[in-house]
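Visitor: I am new to this structure. Please take me through one part of it closely, and show how that part sits among its surroundings.

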Amino acid sequence: MPQPLTSVRNIGPAMADALSAVGIADADMLHDLGPDAAYLRLLNGGSRPHFIAYYALVMGMQGRPWNDAKGAEKDALRGRFDGLKAQSQPDGIPGIERILDEIGVRPARSG
């Protein structure tokens, strides 16, 4: 029987809901994907990038407290996080930008 997402350390109900919304149904699926692929799914699904959320996910999947990494390890995590942000392609444009596009105030985006 699959374990719930909240069985992973540092994952509470809000993060579990966000992961479920992008098709990550349980802890086994999360572990199969790994933290980077899972977080990229969140970003591509429209979640706003937040280093602490990423950091807590990585640490939790290792069974560690959310604030356990220090120094070079934390710097490396920041680099991975920045890389994920750079490669993400969220579905749609949030907020006012989307509305401006819909009414033709902003030029169409390419790509």
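Predicted model: local features only at pLDDT ≥ 70, side-chain atom pairs only at ≥ 80, totals over all residues.

Guide: Just after H4, Gly 63 takes a positive phi of about 75°. H4 is mostly covered, with 9 of its 11 residues buried. The buried residues of H4 are Phe 51, Tyr 54, Tyr 55, Ala 56, Leu 57, Val 58, Met 59, Gly 60 and Met 61. H2, H3 and H5 are among the elements that cover them.

The largest nonpolar core has 25 residues, and those touching the most other members are Ile 11, Leu 19, Leu 30, Tyr 39, Tyr 54 and Leu 77. H4 gives the largest share, 7 residues. In soluble globular proteins, nonpolar side chains tend to be buried together.

H3, one of the helices covering H4, spans residues 35-44 and includes Leu 40. Leu 40 has a relative accessible area of 17%, which is under 20%, so Leu 40 counts as buried. Beyond residues up to four places away in sequence, Leu 40 touches Leu 84, Gln 87 and Ser 88. The C-alpha atoms of Leu 40 and Gln 89 are 8.9 Å apart, although 49 residues separate the two along the chain.

How values were computed
Residues numbered from 1 in each chain as written. Heavy atoms only, no water. Helix = DSSP H or I, 4+ residues; strand = E, 2+ residues; numbered from the N terminus. Buried < 20%, exposed > 50% of the residue type's maximum accessible area, 1.4 Å probe, protein only. Contact = heavy atoms within 4.5 Å. Core = buried A, V, L, I, M, F, W, Y, C linked by side-chain atoms within 4.5 Å.
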